[in-house]
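Here's a quick look at one structure, with a ligand site and one residue picked out. Have the sequence and the coordinates open as you read.

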Amino acid sequence: MPDLPADSIVHRICTLCEATCGIKVHVSGSLGEAPQRVTRIEGDPDDPFSKGHICPKAHALTELQTDPDRLRTPMRRSAEGFVSIGWEEALDLAAERLGAIRDESGVDAIALYRGNPTTHDAQSLLYWNALQTALPTRSQFSAGSVDTWPRWVQAGLMYGGFLKTPVPDLARCDYLLMLGANPIESNGSLMTAPGIKKRLEAIRERGGRLVVVDPKRTRTAALADEHLFVRPGGDAALLLAMVHVLITEELVDLGRAADCVNGFDRVASSVADYTPERVEESCGVPAESIRRIARELAAAPRAAVYGRMGTSVQTFGTLAHWGIDLLNILTGNLDREGGVLFPQPAASLAFAGPSRESGFEVGRAQSPVSGYDELQGEWPVAAFAEEIESERDDRIRALAIIAGNPASSAPNAARIDRALSRLEFIVAFDYYINETTRHADLILPPTAPLEHATYDIALLHFAVENVAKWSPRAIEPEAGTRETWRTLIGLAKRLMGLGAMTDEQVDGVVVQQLAGRVLARSPFAGQIEVEEIVAGLGDDAGPRRLIDLLLRLGTYGDGFGRKPAGLTVAKLEAEPHGIELSQLCPTLPEMLGTKSGRIELAPDRILADLPRLEEWIDRGPDTRLQLIGRRDIRSMNSWLHNLPSMVKGKERCTLQIAPLDADRLGLSTGDRGELKSRVGSLVVPIEVTDTMAPGVVSLPHGWGHDRPGVRLGVATSRPGVNANILVDDAEVDVPSGTSVLNGVPVELSRV
Ligand SMILES: Nc1nc2c(c(=O)[nH]1)N[C@H]1C(S)=C(S)[C@@H](COP(=O)(O)OP(=O)(O)OC[C@H]3O[C@@H](n4cnc5c(=O)[nH]c(N)nc54)[C@H](O)[C@@H]3O)O[C@H]1N2
Ligand SMILES: Nc1nc2c(c(=O)[nH]1)N[C@H]1C(S)=C(S)[C@@H](COP(=O)(O)OP(=O)(O)OC[C@H]3O[C@@H](n4cnc5c(=O)[nH]c(N)nc54)[C@H](O)[C@@H]3O)O[C@H]1N2
Ligand code: SF4
Ligand SMILES: [Mo]
């Protein structure tokens with residue numbers, strides 16, 4: 001092996017989860033001098049946001065760099081399996097096949113699917129738009145409908161805008177009520193807060209209180225002053241009973257929201273019957289606890305209520321999030337320091353992201369087969385398989401999918417798997433041949449995360465401090481690889497008949513269009529012309545220029561000279577650890593985007609779901625076992641299991657069950673159980689643990705890698721099972737169309 005030049009260190013963020021930790025990437029060899037190698041990754045103590053924190057996953061970035069199964073070149077399906085082909089040939093093929101199906105059946109016959117990791121990759125977010133422009137199909141999907149949609153619908157309707165979601169001010173709150181979230185494993189979600197453990201501990205150290213509501217005593221719950229078991233799906237009933245207590249005990253104090261709310265009387269009449277005594281049996285939390293916590297919340301000087309996956313991908317996700325924000329608002333904690341506040345990101349995806357507008361719309365169209373409402377131009381994932389299986393002329397025949405693995409991550413995974421095999425053409429933008437991409441005709445891999453520069457344009461919308469940090473490329477991309485922005489532009493231009501243009505020329509058009517859109521909603525609107533912006537951005541094509549545009553026209557931007565001290569990419573490049581812009585601060589009423597200009601406390605769409613909740617409450621608890629999911633620190637959904645350090649140690653894909661239930665079923669740890677739901681069955685290893693609430697069992701998702709044709713050498717050696725084989729695709733949270741992943745009725749028996 002040749003002598004490698006001395007170590008260099010590149011400061012950037014880790015893009016694997018939502019925490020955006022600052023990392024120091026040690027690289028042997030310098031940029032431009034191959035061969036380079038990542039030798040080590042450590043936390044950056046000088047990052048003002050993460051202050052040195054990292055989790056075990058940061059090291060996965062090193063392993064990802066050298067993983068032999070990670071694709072570097074386009075792969076085409078052939079009779080002999082996947083074979084490597086050239087980029088131009090690959091893009092021509094994709095354009096020809098997609099173009100032919102579009103010409104024959106119309107553009108809706110082509111589905112576009114955007115998976116979760118795009119959220120962590122500015123290139124994917126910014127340039128997926130190019131493909132959406134080339135293929136303006138109604139058949140668009142994303143991981144949002146197995147994740148965040150209940151929150152988008154609730155917050156969108158109440159505050160009038162996409163991505164307008166308040167987050168807990170962890171640094172200053174005295175009381176945090178957390179439902180259905182496990183940030184000690186997940187590192188936080190819709191609450192970007194690197195080093196969350198210390199932040200939660202600090203609340204207690206300064207005399208505050210942390211209360212966790214979860215059907216499992218998670219590691220987060222173990223940190224709390226109080227943990228309450230709740231029945232899966234019970235949060236909406238619990239939260240609305242708390243709202244009832246606030247109103248009937250005259251504990252309401254709207255604080256800063258007092259001058260800008262509509263609909264308080266409708267809320268009061270809607271929850272009039274939600275007494276704690278009425279809901280206690282169905283939600284599983286005793287009435288006296290419900291009353292006490294409502295009173296504690298009202299009495300706390302500065303309090304925040306926060307919920308995540310457990311309150312989102314469940315049968316009443318939108319109502320639960322409504323309850324969460326009603327509690328924040330009625331206790332005067334919305335827009336209060338130490339309560340929940342709207343972050344002000346320096347660069348906003350709301351202007352630039354895939355088919356997003358900063359306004360908020362839902363239900364402008366209905367999906368052909370089941371009539372699900374669209375949300376921001378997408379159908380829910382619950383409609384994906386049926387729109388492929390349909391016999392209608394407008395059925396989905398082809399798919400372009402980026403960073404998505406629905407055969408693993410979406411409900412009724414076996415059905416999705418069959419549907420994928422029916423498609424006539426699939427082009428997947430992905431690193432791996434996995435459960436989904438094994439069905440692809442063509443796979444176009446991105447460069448590895450450390451091989452390109454980036455800036456977070458999504459997760460800082462939810463950051464508990466307003467910060468900004470540029471992440472430069474750490475290591476030279478391997479020969480023959482191609483960055484995502486070029487791949488997407490390359491396909492888009494061919495589909496638009498612009499194949500003769502260079503990528504740079506097309507990017508010039510992208511910049512021009514984005515400049516107009518961003519300027520219209522920028523604080524600099526009216527002060528500057530698009531021509532000056534485009535000229536000021538320079539000639540270097542690619543994502544850096546688009547991010548510069550977002551930053552410079554954003555809240556802290558330099559406005560192309562209008563505010564010379566403001567932000568630009570160049571300024572951030574000179575601050576390798578990132579910069580702290582401000583603590584969270586009040587933004588009401590300016591940030592509201594509703595037609596009324598006020599907070600809509602009682603949107604019709606949300607209230608319309610109350611009868612369904614009432615029926616659920618009155619029906620009483622379901623006696624069947626309820627299956628929920630779980631995450632652990634060394635996972636990231638379906639895609640890190642091919643990296644040895646992420647799968648070593650004891651088996652993690654186990655079914656956790658409470659001792660009471662295990663005894664009743666004659667099961668012990670190490671046994672195998674057969675788990676059956678309406679749509680599927682699985683054989684799973686049993687793990688008895690008193691952390692589970694009786695009546696509830698938990699299985700992590702993202703496993704089940706033993707499918708024929710996947711090329712994941714490490715992952716297939718410890719495959720686990722796919723929890724989504726059991727999840728029923730017919731069950732959705734009605735206002736948002738989001739799949740019910742938590743609270744799936746199952747039967748369990750010993751094998
Ligand atoms: N290590 C790791 N980190 C991740 C991920 C990962 O896969 N691994 N995934 C990332 C992604 S995509 C996301 S969206 C976030 C998710 O971030 P979190 O929401 O913090 O993570 P989960 O582990 O899904 O936590 C959901 C909790 O809800 C509980 N729960 C289930 N059903 C109910 C219910 O009906 N009511 C209540 N109150 N609780 C319930 C579960 O027991 C669980 O503890 O994590 C992100 N971070
Ligand atoms: N039962 C159950 N199911 C769940 C959940 C649950 O809690 N329980 N959680 C749901 C949630 S919150 C989410 S977000 C989804 C996530 O599910 P998906 O949206 O399917 O995302 P992932 O499984 O994280 O990864 C999908 C693919 O992205 C690829 N990839 C990674 N990084 C990049 C990149 O930079 N570029 C490109 N082009 N590809 C990349 C990976 O190789 C992988 O194949 O799963 C959902 N499914
Ligand atoms: S918590 Fe871990 S995975 Fe998430 S950004 Fe930090 S180091 Fe990366
Ligand atoms: Mo997610």
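Is Ala236 buried or exposed? Ala236 is buried, with a relative accessible area of 0%; buried means under 20%, exposed over 50% and partly exposed in between, using a 1.4 Å probe and protein chains only.

## Ground rules

This is a predicted model, where local features need pLDDT of at least 70 and side-chain atom pairs count only at pLDDT 80 or more, while totals for chains, interfaces and linings use all residues. Residues are numbered from 1 along each chain as its sequence is written, chains are lettered from A and ligands numbered from 1 in the order in which they are written, and side-chain values use heavy atoms, with hydrogens and water left out.

## Around Ala236

Ala236 sits in helix α8, residues 235–248 (helices are DSSP runs of H or I with at least four residues, numbered from the N terminus). Setting aside neighbours within four places in sequence, Ala236 has Phe316, Leu319, Ala320 and Leu613 in contact, meaning heavy atoms within 4.5 Å.

Leu610 is 374 residues away from Ala236 along the chain, yet their C-alpha atoms are 9.6 Å apart.

## The ligand 2 site

Polar contacts here are pairs of N or O atoms within 3.5 Å. The side chain of Asn434 puts an N or O atom 2.6 Å from an oxygen atom of ligand 2. For Asn405, a backbone N or O atom lies 2.7 Å from a ligand 2 oxygen atom, and a polar backbone atom of Phe429 is 2.9 Å from a nitrogen atom of ligand 2. Taken alone, ligand 2 exposes 920 Å², and the protein buries 96% of that (Shrake-Rupley areas, 1.4 Å probe).

Terms used
Polar contact = N/O pair within 3.5 Å; in protein donor to acceptor, adjacent residues only side chain to side chain. Helix = DSSP H or I, 4+ residues; strand = E, 2+ residues; numbered from the N terminus.
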